[in-house]
Amino acid sequence: MTELQETPDQKPFADKAFRYFMQVRYGECDAQKVVFNARYGDYIDLAVTEFLHHLGADDPSVDTAFDYQVVKLTIEWKAPARYRDKLEISVSTTHLGNTSFALTTDIRNAITGQFLATGEMIGVAVHPETLEKVSIPEAIKHAMKNDGRGQFIDHAGLYTAP
């Protein structure tokens, strides 16, 4: 996990949901010079994967292996992201059932704070080999309830030393 290097214009992050920081790459943009709409699904998948990894969902020491399949992904766009923009994608658990869960993501420009898009991903826990629906392991449920508040992963280089 990256250590936060606070600057005077930042509020403490302890009460914020887990966040994933990334930078838009050239190949993710279309002829209009904005991020191609399908790439937002990739961004949500990256943020969710990092969120679950951070919570230990892929830790082999967890009692039961955890795997899931996405059964629904919705995205609403408000403004475009552009080449080299640094994005902040927050991830929050909004539903935890026996086998299913819902994660909501908000995508913002990390520098300006402009709200760009929101997404909801619904997943169903499955057995890693048979892909049959299974209960979400209690350790994973507990970690998802906490939301990784105040934690983040920075692949944009905003809070890491040069």
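Rings of Phe, Tyr and Trp (its six-membered ring) are taken as a pair if their centres lie within 6.5 Å, and the planes count as stacked under 30 degrees apart, edge-to-face over 60 and tilted for the rest. Under this rule, Phe21, Phe152 and Tyr159 form one aromatic cluster. The model is a predicted one, in which local features need pLDDT of at least 70 and side-chain atom pairs count only at pLDDT 80 or more, while totals for chains, interfaces and linings use all residues. Residues are numbered from 1 along each chain as its sequence is written, and side-chain values use heavy atoms, with hydrogens and water left out.

The count of aromatic pairs comes to 10. Phe21 and Tyr159 make an edge-to-face pair, with 5.3 Å from centre to centre and 70° between the planes. Phe21 belongs to strand S1 (residues 18-23) and Tyr159 to the segment after strand S6 (152-154), so this pair ties together parts that are 138 residues apart in sequence. Helices (H or I, at least four residues) and strands (E, at least two) are DSSP runs, numbered from the N terminus. Phe21 and Tyr159 are both buried, where buried means under 20% relative accessible area, exposed over 50% and partly exposed in between (1.4 Å probe, protein chains only). Tyr26 and Tyr83 also form an edge-to-face pair, at 5.7 Å centre to centre and 85° between the planes. Tyr26 is exposed at 64% relative accessibility, whereas Tyr83 is partly exposed at 39%.

The six strands form an open sheet of mixed pairing in the order S2-S5-S4-S3-S1-S6; two strands pair if DSSP finds at least two bridges between them. S2 and S6 stand at the edges with a single partner strand each, so one side of each is left without a neighbour in the sheet. S2 and S5 pair in the antiparallel sense over 10 bridges, and Leu73 stands opposite Met121 in S5.

Thr118 lies in strand S5 (residues 115-126). The side chains of Thr118 and Asp106 are joined by a polar contact of 2.9 Å. A polar contact is a pair of N or O atoms within 3.5 Å; within protein, one must be able to donate a hydrogen and the other to accept it, and residues adjacent in sequence count only if both atoms are side-chain atoms. A polar atom of the Thr118 side chain also lies 3.0 Å from the backbone oxygen of Thr105.
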